[in-house]
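I put the sequence and the structure first.

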Amino acid sequence: MEERYYPQKIEEKWQRIWEEKKSFRVTENPNLPKYYLLEMFPYPSGRIHMGHVRVYAIGDVLARYKRMKGYNVLHPMGWDAFGLPAENAAIERGIHPAKWTMENIAYMRDQLKKMGISYDWDREIATCDPEYYRWEQLIFIRMLERGLAYRKRSTVNWCPSCQTVLANEQVEGGRCWRCESEVTKRDIDGWFFKITAYAEELLDWCDRLTGWPERVITMQKNWIGRSEGAEFDLAVAGHPDLKIRVFTTRPDTVFGMTYAVLAPEHPLVDDLVTGPGGRAEVERFRAEVLKQSEQERIAEDRPKRGLRLSARLVNPFNGVEIPLFIADYVLMIYGTGAIMAVPGEDQRDWDFAKTHNLDIIKTVSRRLGWTGEAYTGDGIKINSGFLDGLTVAEAKRRVIDWLVERGLGEGKINYRLRDWGISRQRYWGAPIPVLYCEACGMVPEKEENLPVVLPRDVQISGKGGSPLASHPAFVSAACPRCGGRARRETDTMDTFVESSWYFLRYCSPRYEDGMVERGAADYWMPVDQYIGGIEHAVLHLLYARFYTKVLRDLGLVKVDEPFKALLSQGMVIKGGAKMSKSKGNVVADDVIREAYGADTGRLFELFAAPPEKDLEWSDQGVEGAYRFLTRLWRFTFQYREALRRANSELAREADTPQLKELRRLIHRTIKKVTHDIEGRFHFNTAIAVLMELFNSLSLAAKDESQLEQGTDLIKSGLETIIVLLYPFVPHITSELWENLGQDKTLTEVRWPSYSEDALEEERLLVVVQVDGKVRGRITVPADASSESIEAEALADPKVRGFLAGKEIHRVIQVPRRLVNIVLEG
C-alpha cells in the first residue's frame with residue numbers, strides 16, 4: 001500500500017477487475033428476491049458532464065446497496081439513440097447521423113465505465129439498431145389492427161423556408177428556430193396512437209402509484225385532465241339550423257351565460273363571418289394567435305385577447321341573445337372548441353367580461369363576507385329560473401336532465417389528453433411499417449419483412465422534410481397484399497416510442513423471437529426503482545405507462561404499470577442556472593476525474609444535497625470530499641499493520657467506557673446509514689454520520705491506551721466505515737478493504753447488521769423540569785425504574801431549591817427522557 005492516495009490508478013485497477021469478473025452480470029434467479037433499478041437512459045449527445053453524473057451516482061448507490069442486501073439486481077444501461085440532434089449534427093458538420101451517434105455512444109460508454117457505475121454491460125441496447133426497432137414496428141402493426149394506431153389530417157407548424165414541420169419547441173416568437181422565417185400552420189396527414197382509449201385507466205392508476213412523488217402524480221392527472229359536465233347546442237340568432245356545440249363543467253351556471261367564445265381555429269368561424277372586412281379582421285387575429293404556444297394561450301397570468309363577431313347566439317334556457325367572440329384562451333383541441341362564458345362564476349370569464357364591458361350575472365349565493373370577483377365556491381342557486389334554491393350539485397343534475405329530455409344536449413366527460421401524434425417528417429428515426437398501394441390503399445408491411453430498415457445512403461440537407469421521400473430504393477416497393485406497385489411511408493416514429501418500452505427489452509436484450517421473452521419479463525418487471533429528471537414527469541412517463549398497458553392487452557407482459565417507484569432527482573446548479581452546454585456552465589466529468597478521481601465527484605454530488613433537491617455546484621465542496629477520502633486513506637495506511645493483525649470483534653463487549661461508547665456509535669452508524677439509504681434516499685445524512693464515526697475512530701486511535709486495548713474494535717469500526725461507504729465510493733473502499741487483508745472483494749460482502757442491545761446506553765441523561773421549566777439534569781442507570789428516577793430528580797440539589805416550601809401536585813415522566821414536577825397552585 002502506498003502512503004499517498006492515487007485515485008486514477010486505483011480506479012483503473014478496480015474497473016478492470018469488475019469487468020474481468022463480470023461482477024455485475026445478472027440472470028434470472030427465482031431463489032433470490034429481484035430488484036430492477038433503472039436510470040432514464042441518455043441521449044448520446046457526446047459528453048457526460050457533472051450535471052449528468054448525479055443521476056448515475058444515485059442509481060449506483062442503490063444498486064450496490066441492494067446487492068449487498070442479498071437482492072438479485074438488474075442495473076442496465078443503453079442509449080436513446082434516434083432523434084433530431086443527430087440529424088442537425090449531420091447538417092452542420094457533414095457527418096452521417098449514424099456515425100455521429102455511434103461515436104458519441106462509444107465515448108459516453110467509456111465515461112460511464114470510468115465513473116465505476118455497476119452496469120450489466122452485456123444488456124446494453126441502442127434504439128437505432130434495427131434489431132431493436134423491428135419490434136416496435138411489429139407492435140405498430142398490432143395496434144393498427146386494433147384501431148389503436150390511425151392516420152388523420154392535423155394542423156402542424158410549418159417553416160416555408162426549410163420546407164419542414166417544426167415541433168412547438170422549435171417555434172420561437174412565431175419564427176423558425178433555425179432560419180428565423182415566419183412560421184405558418186399547415187394541415188398534413190400523420191399517424192397517431194389512441195392513448196385516449198386508456199385515459200380513464202391511466203387516471204385511475206395514478207392513485208395506486210404510491211411510490212411516485214405526489215408532484216409527478218399531480219402533473220399526470222392534470223395532463224390527462226378529466227372534466228365532467230355537459231355538452232349542448234347554442235343556436236345562431238336568425239339561423240336556427242346553424243348551431244354551435246359547447247362544453248361546460250358548470251352546467252348549473254347556464255342562466256349566468258352572458259357571451260360565448262369560439263377558438264379562432266374553429267371551423268364554423270368562416271361560416272359566421274361575412275364580408276371581406278370581417279374576414280380580414282379575423283385572419284389578422286388568427287395570425288397573432290398562431291404566434292403563441294398553447295401554454296401561453298391558456299396561462300392564467302396573461303391577458304385574454306378576443307375579437308367580437310357580428311353573429312349572436314341564443315341561450316336555450318331563457319331565450320336571451322348573447323354576443324359571440326373568438327378568443328385566444330379557447331383551444332380547438334379541448335372539448336368542442338367552444339364555450340359558454342359565465343363571468344359571475346369563472347375568473348377567466350370575469351376578466352374577459354370586464355375588458356369588453358360585458359354583463360356579469362351572479363347565479364350562486366356568496367358565502368358571508370365574500371369580497372372577491374368571480375365566485376367558484378358552493379352555495380344556493382339564485383337568478384337561475386327553475387334552478388333557484390337548489391345546491392350547485394343538484395342544479396348540475398337538473399340541467400343535464402332538462403337538456404336530455406329536450407334532445408338539446410347530454411352529460412359528458414372530456415379529457416384534456418389528446419391522442420399521441422407519432423409522425424415525424426425526419427430521417428433519423430424508426431420507419432413506420434406501412435405502404436400505400438395503388439390498388440389496395442394503405443397496407444401494413446408483412447411481419448416476415450420486418451424490420452423495415454432505415455437506409456444509410458441518404459442526402460441530408462435539412463430542407464424539404466424527410467430525405468427518405470427522395471430515396472427511390474426505399475420509397476418504391478411491392479405491395480405486401482397484391483404484389484403491385486406501392487410506396488413506403490416516409491414519416492418516422494417519434495423517439496418517445498423507443499423510450500416507451502426500452503426497460504422491457506433490458507429483460508432479454510438478445511431475444512430473437514419477440515419483443516421480450518415472457519419468462520424474463522415476468523421475473524424482472526415492474527421496474528422497482530426508476531430515476532430521472534422532473535422534466536420527464538408527463539410525456540415520457542405517460543407514454544411508457546400507456547405503451548405498457550397496450551403490451552399487456554396484447555398478451556406480451558402481465559404488469560399493469562412499468563415503474564413501481566420513481567425518484568425525480570434535482571438539478572445541478574452552477575452560477576444560478578442549471579448546468580448545461582447551452583448555458584456554458586458545465587463542469588466536465590473528465591476534468592473532475594483527472595484532478596480528484598471519480599470517487600470524489602460521486603461523493604460530492606451525493607453529499608451536497610438530498611437527491612430530490614437541487615444541488616449547488618461548489619469547487620470547495622469537491623475539494624472537501626477529496627480531503628475526506630485522503631484522510632481515510634492515510635488513516636488506513638498509518639494503522640494497517642496493527643489492524644491487519646487484529647480481529648474484527650464488533651460483537652464482543654468493550655472494556656472501557658470510551659470503547660463501549662465507540663462500539664455503540666458503530667452500531668448506531670450502521671442503523672442510521674441503513675435507514676437513510678433504505679427508502680429515504682438521504683445519502684447526504686448517511687455520509688455525514690460516516691464522517692462522524694471516522695472522526696471518533698481517529699480520536700480513539702490517537703489515544704495509545706485505547707489503541708492498545710481496542711485494536712479489534714477500531715478495526716471493526718474502520719471495516720464498517722469501508723463497507724458502508726462502498727456504494728458511494730466503490731474504488732477507494734475496495735482498495736482499502738483489500739489492504740486490510742480481506743480475502744473477499746466488497747462485491748461479495750453482505751451489508752452489516754446492527755444489534756439493538758448494543759444501541760442501549762448504560763446511563764441516561766434525564767431533563768428535570770419544575771412547572772414546565774428546565775431546572776436541572778440528572779444521570780441515571782439505563783435500567784433505572786421510574787420510581788428511582790423520580791427520587792433522583794427530587795433529590796437533585798439544583799431542583800430542590802425550586803421546591804422549598806411548596807407542595808408537589810404530581811410528577812409526570814416521559815420515560816428515559818424527562819421528569820416534570822408540577823406544584824400546587
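The entries below record what I looked up in this predicted model.

Entry 1. I began with the total and found 56 salt bridges in the structure.

Entry 2. I looked up Asp-60, which forms a salt bridge with Arg-602; their closest N and O atoms are 2.7 Å apart. Asp-60 belongs to helix α2 (residues 50–68) and Arg-602 to helix α19 (residues 598–607), so this pair ties together parts that are 542 residues apart in sequence. I noted that both Asp-60 and Arg-602 are buried.

Entry 3. I turned to Glu-231 and Arg-245, whose side chains meet in a salt bridge at 3.4 Å, N to O. Glu-231 lies in strand β10 (residues 226–236) and Arg-245 in strand β11 (residues 239–248), so the parts tied together here are 14 residues apart in sequence. Glu-231 counts as buried because its relative accessibility is 9%, under the 20% cut-off. Arg-245, at 26%, is partly exposed.

Entry 4. I found a salt bridge between the side chains of Lys-549 and Glu-561 (2.9 Å, N to O). Lys-549 is in helix α17 (residues 539–553), and Glu-561 is in the loop between α17 and β25 (566–569). Lys-549 and Glu-561 are buried. Salt bridges with shared partners join Glu-201, Arg-545, Lys-549, Arg-552, Asp-553, Asp-560 and Glu-561 into one network.

Entry 5. Last, I examined Glu-11 in helix α1 (residues 7–21).

Note on methods. Residues numbered from 1 in each chain as written. Predicted model: local features only at pLDDT ≥ 70, side-chain atom pairs only at ≥ 80, totals over all residues. Heavy atoms only, no water. Helix = DSSP H or I, 4+ residues; strand = E, 2+ residues; numbered from the N terminus. Salt bridge = Lys/Arg side-chain N within 4 Å of Asp/Glu carboxyl O. Buried < 20%, exposed > 50% of the residue type's maximum accessible area, 1.4 Å probe, protein only.
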